[in-house]
Structure formats: C-alpha cells, structure tokens
Amino acid sequence: MDYLYQPYTSKRTSAISNKGMVATSQPLASQAGLDMLKKGGNAVDAAIATAAALTVVEPTSNGIGGDAFAIVWMKDRLYGLNSSGHSPSTISIDSLKEKGYEEIPKYGFIPVTVPGAPGAWAELSERFGSLPLTEVLAPAIDYAENGFPVTPVLGKFWEAGFNKFREVLEGEEFSHWFDTFAPKGRAPKIGEVWKSPGHAETLRKIAETKAEAFYHGEIADKIDNFSKEYNGYIRKKDLQNFQPQWVNPVSVNYRGYDVWEIPPNGQGMVALSALNIMEGFDVQSKEEIGTYHQQIEAMKLAFADGEKFIADEAHMKVGVDQLLNREYAAHRRSLIGEEALQPEAGDPPKGGTVYLAAADSEGNMVSFIQSNYMGFGSGLVVPGTGISLQNRGHNFSMDPDHVNSLEGNKRSYHTIIPGFLTKDNKAVGPFGVMGGFMQPQGHLQVIMNTIDFHLNPQAALDAPRWQWMENKTVWVEPDFPIHIAESLRRKGHNVEVQVETGAFGRGQIIWKDEETGSLFGGTESRTDGSISAY
C-alpha cells in the first residue's frame, strides 16, 4: 500500500503507531480507550472503556440499553461474542394483533428487547481484561457526571433526533427521554456541555457489580417497574435470563485473506456471501463500470438470501455452511449479467450504531460494535437512569411462517456486525462500517478497497460509497464518479445522488504490518471520527 496516496477529498493520511491504537467516531471515547492502554491495560480494556464512553458522548447512536457484538484476537486466537438480547418471554404475534397491530411499531415498549451491551462489557472484562471494570468505566462515568461539549456531527444528528421525536412520540412514558436528552426543551447545541447524572450512576453500578445490578438487581427492578407502569412486555425475569454467548466467528477466504464475521443472528453473513460471489470475478480496477455493477448485483443477491434465511440461529432452516457454499456462490454469480437484476432469494444446498477498533502492543485486537438500532432507540428512557432502551424488536417479522417471526425469548435478525481480517492465520486487524443495512455493503466495499485496490486504511474509508436500497434503486454519495453513475443507469440501475452522507455508514480500520509490527489506522471522515494512538 502507498500510505501517501490519497485520491479522495478528505486528504487525511493513515494514523501510525506501534504501542497501541483506538479508532472510533468520537475523540473523547477513543481517548478513554488510550488511557487504559497507557495504564497497562490491554486492547479489551481499551475497547470496553471506549464503548462505555460512547454511550455518553454519542447517545444518538448507542446506549446502555442497546446490544453489542465483538470479535477478539487474543494471544493469536480469534473469539466471537454475541451479546444481543432476546425478546420478552410473553410477547407474541397474536398478542400484538389482539391489540390491533399489523406491524411492529418503531417506538414505545413493543419493540424493546433485552439490552446486551452491559453484559458484553462485563463478559469481556471477566475473560480477557487486565484492569478492574471500575477503572475501565471511570472515564465514561466522568463524562456523564461532569459533562462534555457536543461535537459537530453529533449535534446535527441530536437535533434531527429531537425534531423527529417531538413529532412522533405521544404519551407520558416518553417524557423521560425529553428530560434526559433535551433538558432545555431542545437538543443541545454544538459546543454546549451536556451531562447525565443518572447515566453516570447507572455506569457506576454496572462497574461495581460487573453488570449484576443491571440484570439481577436494582437497575433490573427499575426497568421492570417502568415497563409494568406502561403495559410493556419486558420484565425482570427477561433480564435475569440473559447471558452473552461466546461463538466461533465464521469466514470466507477472499483472494488469500480470511474475512471474519459473527454468525447469525447478525447480517455479517450477507457481507461474506457477497464476497463469495465477487471472488469468482476477475476484478481489474476500482473505477470501472463493471466493478461497481458486479458489486451491487452481488450485494443484492446476498441481501435477498439474508432476508429470507437469516434469523436467530436456533430458528434457521438453512445453515451457515449452506449459505457460504462455494458452488452455491458460483450459481448466484452466474445470474449476474449486463443488466440490473430484480433480487430474489436462491435455493441453497440443503443441510443507529457505533463501531470501534482497538489494538495493543502485545498484538491483541478488538473489533467491537454496539447500537440502539434506530438512533436513540425506542424513545424510552428508564426514569433516573439515563438508559435509552433499544428498539431492536422492530426487525422481527409479523409473518408467523418467516424464520425471523416474532416470538418470545428470540433474538431478531440483527444489523450490527464487527469485522476482522487475517492472512495465513495471522491478524491483519479489525474493521467495521456502522449504519443499519449499509453495514455489509460497507464491509464489501472496504475489504475490496483494501485487497483488490490496495488502498491504505484512510483512503479505503474515504472512497465514495454506494448503497443498494431496494429493487433496482442505488444511492450514491455526492462525490461518486458521475460517469460511473450514468453508466449504471444505462444498465438499468435507478441511481440517486444523495446530498447527505450520513446514510453511507461510518467506519474504522486498524491494520497491523507484519514486517514492522506498526499499526496503521483509518477513521471516518463522514463523522467526528478520531484515532488515539501512542
């Protein structure tokens, strides 16, 4: 890679260090992680500190009441953690239909599922951390208790979230969100200091009890009482029944590199399926109509399969190996011609989010992602706690015959996915692109930018992105090559240029150079991205 080559408008270069690095979307959060490394903590300690800080300094995308996933490279071995929560035990399609619902709402108690993020922090700390959780969560507690100044992109999304909630949220139960996130009757302005004492106290209890207070103690009681007051489904027993799940990451080999994702219920399989399809094409150059056309078509086919087959793995009727079967990928590839397809699922052989990357001087690395799902989530804040409950349950299907149908004690199809890259059983590093259904599309583009087009981490992230939306519609960023967009239209794609770049995801990358041992990082220019390193 040429680390001085930067053909895109950001003109940033990759960050380089050899002792430790943390990359994420908020400078204060990445600094919290770096503080742990400087205190003698490892990459896991840094990741937890950063993740907890992000619940405070980027509440527009994640919170204590959201879910989390992680891929950990520790002592030359890869581990996966699925800390996504299940639906309440008493919820069902029939119960919602009895109340007059034909689809799952976005806001309120119905889409609330058990939060998994606090469990992820405690589980990672217990297994791999070298510092006490009380020390690791201290920066986040400080930011919540004493406040921090709102950064530019954060301020923009905070105001948009406030304006949206002011229009759509009706009911007394939502008043606590406005008390917490709009205490002056409006969203905090850019540069204005915002604090949340309840959030600080919740983080302190999580730290002191290793999340026991959240799932079994007084915080669980508060969630239970709040839900009962407004006829919600989630109960303390649902929190008590939650346990993060250690899983084996799944991978495909793409041109000599192994690309790793978390297995279902996440949509990482969509990225791997698309890479499997692209593996069979002779990709010559990046800025070529054939390259973009093939990428988009591969992604459409992968998404069609994902929507039909991916759910909580215990409920899936098609296995991971079947979806990633090479012969099946070849069959799907054969469907791609010169014209845009209307995507449909195949027949496999039978058988609002934050992302961070962290690395330490010992070679350990973490790819970590957590989310409330849609921005601030359900619009519900547990009184006095700062806990913004996620609305992940909105992803369930109301079709009882669908693999992702709504049931009690079930994990929904999940959008958030951490990624990891290895070569010859050695770590290259963590990567991720957050942002709803853009995430596997971002993974495909970033990995191909790296492997096929040899772009350094910063350039790989800065490259103009596309996003397939539905049917034959594709969104592109304002600086996407216009001649490519015109050519895609001639192939039948409905190309729409978007003025706002927020829908195209926000990514982070840390690659390790095997020869020098140095770390090379890229951060997102579409947000308040920052790398802290030493």
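How many residues line the second largest pocket, and which lie nearest its centre? The lining holds 18 residues, and Met1, Tyr257, Val428, Lys512 and Asp513 lie nearest the centre. This is a predicted model: local features need pLDDT of at least 70, side-chain atom pairs count only at pLDDT 80 or more, and totals for chains, interfaces and linings use all residues. Residues are numbered from 1 along each chain as its sequence is written, and side-chain values use heavy atoms, without hydrogens and water.

**Second largest pocket**
- The volume of the second largest pocket is about 460 Å³.
- A pocket is an open set of points on a 1 Å grid over the protein atoms alone, where a 1.4 Å probe fits, with protein on both sides within 12 Å along at least five of seven lines; lining residues have an atom within 4 Å of a point.
- The lining divides into nine nonpolar, two polar and seven charged residues.
- β14 (419-423), β15 (426-434), α17 (439-451) and β19 (506-512) each supply at least two lining residues.
- β15 gives the largest share, three residues.

**Whole chain**
- The protein chain has 19 helices and 21 strands (DSSP runs: H or I, at least four residues; E, at least two).
- Its radius of gyration, over C-alpha atoms, is 22 Å, close to the 24 Å of the globule rule (2.2 Å times the number of residues to the power 0.38) for 534 residues, so the chain is as compact as a globular protein of that length.
- The C-alpha trace spans about 60 × 55 × 40 Å along its principal axes.

**Surface**

Terms used: Grid points are joined across faces, edges and corners, and a volume is the space filled by probe spheres set on the points. Ala, Val, Leu, Ile, Met, Phe, Trp, Tyr, Cys and Pro count as nonpolar, Asp, Glu, Lys and Arg as charged, and the others, Gly among them, as polar.
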